[in-house]
Structures are given as C-alpha cells and as structure tokens.
Amino acid sequence: MSERQQQHDLGSAELEVLKALWEVGPATVREVLGFLHDRGRRVAYTTVQTLLTRLELKRYVSSDKSDLAHVFRARITR
C-alpha cells in the first residue's frame, strides 16, 4: 500500500502515530507518547492508546500483550 493510499485510509493523528512506530520501532504507548512529545505534539496517554488500538483494528499495527506493558509494532512499511 502506498503512502498516498494510507493517507486516505488513516486520519492525520493515526498516520502520525504510525510514523512514530516507523521511527522508534516496536514501542509501548508511553514510548510513542514520549516520541510525539519530543517532536512538539502534545497529546494525552489515552489518546495515543486509542489511536494505537484503532491502528490495530485496521491491521496497520500489531501488539504483543504477553507482558504488563503492551508493545506495538507497525505491520506495514513506509
């Protein structure tokens, strides 16, 4: 799927979270949140969690829920 197709299927906030996973690699909600904060994006923890859940439902992201902190990873490349 091209980035152009992704942009039409994803909201801007969802795409921003997906781009964070591409940069950071597999990460927890807190790690994605820290990445976004470092880039000047002020969002709440629960917002990032909701966006990651939506991305998982859309099959752009997968998660490992075997540990206390769930680790999310992008299922698609840039």
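Analyst: Buried means under 20% relative accessible area, exposed means over 50%, and partly exposed lies in between. Please note that this is a predicted model.

User: Which residues of α2 are buried?
Analyst: In α2, the buried residues are Glu14, Leu15, Val17, Leu18, Ala20, Leu21 and Trp22.

User: How many residues does α2 have, and how far does it reach?
Analyst: Helix α2 covers residues 12–24, which is 13 residues. From first C-alpha to last it reaches 18 Å, close to the 18 Å expected at 1.5 Å a residue.

User: What comes just after α2?
Analyst: Glycine 25 is found there, with a positive phi of about 90°.

User: Back to glutamate 14. Why is it counted as buried?
Analyst: Glutamate 14 counts as buried because its relative accessible area is 6%, and the cut-off for buried is under 20%.

User: Which residues is glutamate 14 in contact with, leaving aside neighbours within four places in sequence?
Analyst: Glutamate 14 is in contact with Asp9, Leu51, Arg54, Leu55 and Lys58.

User: Changing topic: how many salt bridges are there?
Analyst: The count comes to 4 salt bridges. One of them joins the side chains of arginine 41 and glutamate 16, at 2.8 Å from N to O. This pair links distant parts of the chain, 25 residues apart: arginine 41 is in the loop between α3 (29–38) and α4 (45–57), while glutamate 16 is in helix α2.

User: What does glutamate 23 form a salt bridge with?
Analyst: Glutamate 23 pairs with arginine 78, and the closest N and O atoms are 2.8 Å apart. Arginine 78 lies in the segment after β2 (71–74) and glutamate 23 in helix α2, so the pair ties together parts that are 55 residues apart in sequence.

User: And what about glutamate 56?
Analyst: Glutamate 56 forms a salt bridge with lysine 65, where the closest N and O atoms are 3.6 Å apart. Glutamate 56 is partly exposed, at a relative accessible area of 24%.

Key: Residues are numbered from 1 along each chain as its sequence is written. This is a predicted model: local features need pLDDT of at least 70, side-chain atom pairs count only at pLDDT 80 or more; totals for chains, interfaces and linings use all residues. Side-chain values use heavy atoms; hydrogens and water are left out. Helices (H or I, at least four residues) and strands (E, at least two) are DSSP runs, numbered from the N terminus. The expected span of a helix is 1.5 Å times one less than its number of residues. Buried means under 20% relative accessible area, exposed over 50%, partly exposed in between (1.4 Å probe, protein chains only). Contact means heavy atoms within 4.5 Å.
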